[in-house]
Amino acid sequence: MSNIFLDNFIINNNEAVLNMESTATFLGISTATVRNWVKCGHLQSFDENAKDFFYKKDVENIKSRILSGDLEKMNKRANKAGAEKTFLPNEYIEDRDSFEELNFIVDFIKDNNIIIFPALLLVSLNLLKKEGILSKISIEDIIQKKDLSFSNKQIKEEIKSWISEIKEGEIKKEFAFLLDCNIPKQRDILGFLYQSLLLEGRKAQSGSYYTPAEIVNEIVADYVKKNSKVLDPCCGTGQFLLAFSDNIENPANIYGIDFDEIAVRIARLNILIKFKNKDFAPNIVCKNTLFEIGNYDLFSLNDENIKDFDVVATNPPWGVHFSKEDSKKLKIIYPEILSLESFSYFLKKSLDLLRGGGVSSFILPESILNVKVHKDIREIILKNSQIKKVVYLDRVFKNVFTPVVRLDFKKNKVSNNKILICKGNEHHSVEQMRWLNNQDFVFDIHASEFDTEIIERIYKTNYITLKNNADWALGIVTGNNKEFIIDNPQDGFEPIFKGKEVGRFALDNPSSYIRFVPEKFQQVAPIERYRAKEKLIYRFISKYLFFTYDNKQKLTLNSANIVIPKIPNYSAKVIATLFNSSPYQFIFQKKFSSIKVLRNHIEQMPLPLWDKKTFSEIIKMVDEIIGGNDNFVKLDNYIMNKFSFSEKEKDYINKFNK
Ligand SMILES: C[S@@+](CC[C@H](N)C(=O)[O-])C[C@H]1O[C@@H](n2cnc3c(N)ncnc32)[C@H](O)[C@@H]1O
C-alpha cells in the first residue's frame, strides 16, 4: 500500500481518500452540493494538486447520519440532485390563504401530468383575463391556436410567441380549470408556480432559488429611485424586476438577464402586466450573463445598453458546477476569480456593469464572509468598492440550510469607509480598512469597533505565534471502530479521547479504549506526535476553545487534535492558559466566528512575550489546577490583568463569556 505524506498526517492512498466525483456518487448528490456542504462545514475537504479530496470516513459518517435521519435537512438536499422531487417554496408567498390556493393549482398540474410550459401559458392567460388585458377565452381557442384579442400590443406578441412553442396535444380540454381557476393577488404568481414545478435537481444545478419579497423590497427601498437604471443579471422570473418597478416610472430603465428561457418569458410578461398601460418591449433577455454580456472580445454580443447601471441587485446562483468547457472560458474571462464559484463571477460582473458610484446588493451564503477560498472576490470588492452594508439574514430558503447575508457595495475606491453591520435589531459599524488588513481579507462582521479595540489591545503586546513554531497532528481515524475500539478497559487497550472529553487543562474520564495498531488505521499522524513528551490537545468541533496540557502521551480520536509547541522558553502550559482564557475566547469568536477550531485560527493567536516571572507565576497556577485545585478563575483574572483592559472592557469580556 502506498502512503501520501500530506502536511502533518498520513493518508492511506488506497482506501482512505475519495475524490470529489466519487464522494458525490457515494452520497447520491451533485458535486455542487458536495461543494456547498464543504462551504457550510458539513464536510471537510483537503487540497492535493488543486483538487478536492475527502476522507472516506468523513463521507461514510455523513452518509450514516443521513440514513439515520439525524440530518433530515441534509437528507432532503441529498435527494435533490437525482430525485424527481419538487417542493413549494413557501418563503416566496407571504399569505397563507394564497399559499393553499396555489398549492391546489400545482397539484392539478402534477396530477394531470401537464408539461410546465403549456401549464404556465394557461395560467398566464387566466391572469391576463383577470387583469382585463385579454377578453373572453376558451380552452378550444388555445387548442385551435385562434387569434386572441388583447388590449396591449406587446403582450399579444409575447403570448403569440408562447403559443407558437406549444406542440400538438400538449393542451387538452380537461386543462380548462387552469384558464378559469381563482388566482390570488400576489407578486410573481407565475414565478412561484414555475419554482414549484421545477425539479429540485434542476434548481440545485442552476442555483435557481428565487428571493422572498420582503428581502427584495428592502433592497429596493434603500437604493432604487424614480429614474434609476437598474439590472438583475440573473433575474429568474423577475422578483427583483417587479420590486424595482414599484419605484421606477419608465420600464425602459429596468433590465433583466437570465439564461433560463421559461423564466425570461415569465419575467417579460410580469413586467408587461405591471406596466400594462404602456407600450414598450421589456429589456429582459435570455442570455448567459457570464459569457454573452459586456465587452469581452472573444464572447461578447456587445449590447450597447447593458452597462452603466445605477443599481445591480440580485440573488445570484451559488455553487453551480460548471462544465469543463465553461470552466475553461471562465478562467480566461475572469482570471482573477480562482475559486470557480458562480456567485463570485456574478459579483465581479456586477462591478463591471455598474457606473462609477452605482450600488450593488447581493444575497449570498455566509461563507463569502470568511471562507478562505473566497478571498479572491473579497479582495476585489474591498479594493474596488465602498462596502455600504452587510445584513445577516440567517436562513432564508426552504431546503437550503446555509445562513444567508446581504452584501451592498458602491463602485468607487475610498480610503475611509465605515460599513454598517445589521443583525436583527442590532447594528454596529466597522472600518473597511480593518477588513483590508485582515488575513485572507476576512469580513469579520461579528466584531464591532469596541470589540476591535479590545482585540487590538491584546495584539499590541509584543508577541510571537505558533505559525512555523509547532508540530500539528489530527486525531486517529481507525476506519473500523468496531474492530479497534471498546468501551471498557482491557488488557492490550489504552484510553483514547474524543473532542467532548477535552476540558480546559484536564481530560475527562475516557469512554473509549483502543488497541494501538497504527499500521492498520485509516488515518494516523506520525506516532511521535501522539507520544510527544509534552503536547496540547484541543477540541476540533467547538465554538469555544478547549485546550488540555498533556505529558502522558495520550491518544485522541479525530474530534480532538494536537499541537506540539516548539518555542524555546515558552511553556505549553502558558499557551494552554492563554487559549483557555476569557480574552482568547473573545478573540476566537469575534474574529473567526467558527464552529471548527482550525490550525489557521490557532496560528493567528498572539503569544505575548512576557517576562520570566510572569511565566513562572502562570505555570505555578496551572500546576495547581492540574493537581486538582479549582484555580481557573484566579488564573483567568491574572491573564485579564496582564492586558491592562479598562473596567468597562473587562466587564464586557466577562459578560460575553458568560
Ligand atoms: C437564485 S436564482 C435568483 C433569481 C432572481 N434573481 C431572484 O432573486 O429571485 C438564480 C438565477 O440565475 C440564473 N442563472 C444561473 N447562471 C446564469 C448565467 N450564467 N447567466 C444567466 N442566468 C443565470 C438561473 O437560471 C436562476 O434563475
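Modeller: Helices (H or I, at least four residues) and strands (E, at least two) are DSSP runs, numbered from the N terminus. The structure above is a predicted model, in which local features need pLDDT of at least 70 and side-chain atom pairs count only at pLDDT 80 or more, while totals for chains, interfaces and linings use all residues. Residues are numbered from 1 along each chain as its sequence is written.

Biologist: How many helices and strands are there in the protein, and what share of its residues counts as buried?

Modeller: The protein holds 29 helices and 25 strands. A residue is buried if 20 or more other C-beta atoms, placed from the backbone, lie within 10 Å of its own, exposed if 12 or fewer, and partly exposed in between. Among the 658 residues of the protein, the buried share is 40%.

Biologist: Which elements each supply at least two residues of the shell around the ligand?

Modeller: The ligand is surrounded by 23 residues, and the closest are Y210, T211, C234, G236 and N315; here a residue is near a molecule if its C-beta atom, placed from the backbone, lies within 6 Å of it. By class, this shell has 10 nonpolar, 10 polar and three charged residues, where Ala, Val, Leu, Ile, Met, Phe, Trp, Tyr, Cys and Pro count as nonpolar, Asp, Glu, Lys and Arg as charged, and the others, Gly among them, as polar. The elements that each give at least two residues to the shell are α13 (239–247), β7 (254–258) and α15 (289–292).

Biologist: Which strands are at the edges of the open sheet of four strands?

Modeller: Two strands pair if DSSP finds at least two bridges between them, and the order in this sheet is β17-β19-β18-β23, with mixed pairing. β17 and β19 (residues 512–514) pair in the antiparallel sense over two bridges, with I486 standing opposite Y513 in β19. β18 (residues 494–497) pairs with β19 in the antiparallel sense over three bridges, but with β23 in the parallel sense over two bridges, and F497 has T556 in β23 as its bridge partner. The strands that pair on one side only, and so form the edges, are β17 (485–486) and β23 (555–556).

Biologist: At what angle do α25 and α29 pack?

Modeller: Two packed helices are described by the angle between their axes and the distance between the axes. For α25 (residues 582–592) and α29 (residues 647–657), the axes, which are lines fitted to C-alpha atoms over the stretch in contact, with angles from 0 to 180 degrees between N-to-C directions, are 9 Å apart. The contact involves S582, P583, Q585 and F586 of α25 and I653, N654, F656 and N657 of α29, where contact requires C-beta atoms, placed from the backbone, within 7 Å. The packing angle is about 70°.

Notes: Contact = placed C-beta atoms within 7 Å.
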